[in-house]
Amino acid sequence: MRRGSRSLAAQARSAGLVVQKPKQLQAADWSLRPLCEEQLIYAATDALVLLELPRAKGAGGRQGRGAHAQPQPARSRQATVEYTGIFLTAESRQKLLRRVPPRFAQVVADHMTLAWKPSSARGLAVGSSVKLRVSGSGQDDRIQAVSVETAERQPRSGHVTISRRPEAEAVEANDLAFTPLGEPFALDGVLGASVLLGGHDREQLPERLLARLQALADCGQPGASERFEGLEESQRYALHLAANELGFEHRSEGKKGTAQRKLIVTVPKRWKRPQGGVEGERLVIKDPKKFAALFGDVPSVRLHGRVTRSGVAWEPGAEVPAALAAALAAGDGPPRRPAREEGRGGDGGQVGRLVVVLRGFPGSGKSSLASLLRRRASADVASADDFFTDAAGLQEAHERCRQCFMELIAAGRPVIVVDNTNVRRADYAFYQSKAEAAGCSVAVLELICHSTAELERLRRRSAHGVPGGAVGAMWARWEHDPAALRLEPYLPQELLPWLREQSLLDRPAHTHLVMPRGPFVSVPAALRAEFHQRFSAEWGLHHVSEIGRSQAFRLFFDVDGLDLGRLLPALPALRALAGGALIITGSAEPPAPGYHIFVPSRIVDSGEAAALRQLWLQALPELEPFVDGQLYRNPQLRLLGGRKISKEGVDMGRVHEVVGRFDAAWEPGGSSWEWSEVSIHP
């Protein structure tokens, strides 16, 4: 049904109604009786929309009412996913426009939408390559599109808008009838998400708070201010964003984490109302690392299993090749013959030859997994490590690894494991192609890494001593393989058993460590070097804080919510007051940046520390909201390399690293430091 040139669906969308109907029923034969249940629901939905449309328009379309409630969009504290989609590569976009020339002035040819405002961003394989099959085309007097389908085991169908009139909305292509193409063709795309930064967080705010903020904007009088009290943390953060988008000055006062903390928003002296509203910045993210930085996901990929002490625990629903599942079957003992594969070769059929390609960063457990396969399935292992002598001979080592692999293929070995880092897909393309040519099935196992903090933890436990810069370069060049089976590495924890063996747990007397989720720890001076060594091997696993004595501790400052670019200009003044070099540790990861500043040469008591903080803030009063002043009465600070935990006991996931050193000048990097320099314990 249409009114003028706009469909009922388009009118519903503009009024804020959310309508979800199966598109395939548009082309159904509605003359046949009786109608099926799906057709009845389709027709009833149209009737319901007609009833709701006048009320929705009268209410300004703000409530999003309709036949289906609109889900809350996936969001982090910094961004909201507006929609997910398969975005065409530049070459495929050009190919599409050549095959289907645009008819209208507004050319789109950008993506196929998968989900609008998804309720969750977890498990979204951002960066995955997806092929689309273009099967039909359609147009009316407002919009033009092609129908597409993904080349997956369970295909997803949709459309790609080619062009539209300026006044038309892209979603109107949902109402088109598509004609099959004489020659369907394929396009390449990448799974990504359209993300809104900032603006949507204001949905956290009640109308009364938005009204006060709007009244301040309407007034526009320089110096005018509003004081907001009794805010929840999410509301305070949303108000900061909204004030920043409006160009207002904003600061917090009062003790952190309490109901007495206030937010003051002020109109600056030379304020101009922002043009074009304060919607926030939109961008399309197709890089899994950027997506993970915003939404805190394992680089936006599905997890298929977890490596355990005794094998691999597969996630429910993971599609695991039968040959691989048999090779990794639980239980040690004599090597096993390959198990039978269900559905192939009948009762007497055996699983075919298998090549397992391992990929992961140094320390992720590739060699341990290769040893497991060797022990359980009599697997042969080809690894460049076996031929490596020094960096100059790296290429020769890989060449000899390839020769070893081909010899194993020629010998007809049933299970072959390729154990290399394999940062790029091209690094193991040789092994895949040769194995498939020989009739082997191939399984790529990817040991995933959540973040750069975990990357450093893996590097430290690696037996090869790979420099941090080299591992960082691997992280930057890492390519996602959507066909790989992704496994969580096994990270054995040896610190707690060692502490128990030394009877160092549950000893509050004379202690200088505490675990917020566990016991007190008391480590004598003679054992601290070994403690730090074991703690470093499990970097980022434990919630460990130091406890100092108020009479004497190493001078430190806790800075929260201030980015490094704003902190660095404040360091010279602090260096002059403290009388010694500064070491800065911290993290810029969401939800907000946080840094600790240590003065290794200065031992102070609580009064001295508070006085030095006050002098620093008198020189730079704009730092007042960011420098904690509540830590000196009973000194306590998270140990470098420990996970951050909130006062409510919530794991925040952030792990501090050494960021740099400031003396005469700023020296970024954390390659050289001692535990005694980053500990409040003197």
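Let's start in a loop: Ser378 sits between α8 (366-377) and β17 (380-382). This is a predicted model, and in it Ser378 takes a positive phi of about 55°, although it is not a glycine. That's worth a glance, because most residues other than glycine have a negative phi.

You'll find Asn422 in the loop between β18 (415-419) and α10 (426-437). Here the relative accessibility is 5%, which is under the 20% limit, so Asn422 counts as buried.

Now step back for the overall picture. The protein has 17 helices and 31 strands, and buried residues make up 45% of its 682 residues. If you take contacts between residues at least 6 apart in sequence, 72% of them join residues at least 24 apart.

Next, have a look at the open sheet of 5 strands, which runs in the order β24-β26-β25-β30-β31 with antiparallel pairing. At its edges stand β24 (553-560) and β31; each has a single partner strand, so one side of each is left without a neighbour in the sheet. On average, and ignoring direction, neighbouring strands here are turned by 25° against each other. As a reminder, strands of a sheet pair through backbone hydrogen bonds, either parallel or antiparallel. Zooming in on one pairing, strand β30 (residues 657-662) meets β31 in the antiparallel sense over 3 bridges, and Arg661 has Glu667 in β31 as its bridge partner. Helix α17 (residues 606-619) lies across β24 and β26 (594-604), and it runs at about 40° to β24.

Several of these elements come back in the largest nonpolar core, which has 52 residues. Leu499, Phe557, Leu582, Ile597 and Trp616 are the ones with the most contacts inside it. At least two core residues each come from α13 (495-501), α14, β24, α16 (571-578), β25 (582-587), β26, α17 and β30. There's also a second, separate core of 23 residues, with Leu373, Ala377, Ala379 and Leu485 among them. In soluble globular proteins, nonpolar side chains tend to be buried together.

On to the rings. The structure holds 13 aromatic pairs. In one of them, Phe535 and Trp675 have ring centres 6.0 Å apart and planes at 70°; that angle is over 60°, so the pair is edge-to-face. This pair ties together distant parts of the chain, with Phe535 in helix α14 (residues 528-537) and Trp675 in the segment after β31 (666-668), 140 residues apart. Phe535 is buried, at a relative accessible area of 0%, and Trp675 counts as buried too, at 14%. Trp675 also pairs edge-to-face with Trp673, at 5.2 Å centre to centre and 80° between the planes. Both of these tryptophans, Trp673 and Trp675, are buried. Put together, ring pairs link Phe531, Phe535, Trp673 and Trp675 into a cluster.

Arg212 lies over the face of Phe228, at 4.3 Å from the ring centre, while Arg359 lies over the face of Trp478, at 4.1 Å from the ring centre.

Definitions and conventions
Residues numbered from 1 in each chain as written. Heavy atoms only, no water. Phe/Tyr/Trp six-rings, centres within 6.5 Å; stacked < 30°, edge-to-face > 60°. Helix = DSSP H or I, 4+ residues; strand = E, 2+ residues; numbered from the N terminus. Buried < 20%, exposed > 50% of the residue type's maximum accessible area, 1.4 Å probe, protein only. Lys NZ or Arg CZ within 6 Å of the ring centre and 35° of its normal. Pairing = 2+ DSSP bridges. Axes fitted to C-alpha atoms, helices over the stretch in contact; angles between N-to-C directions. Contact = heavy atoms within 4.5 Å. Core = buried A, V, L, I, M, F, W, Y, C linked by side-chain atoms within 4.5 Å.
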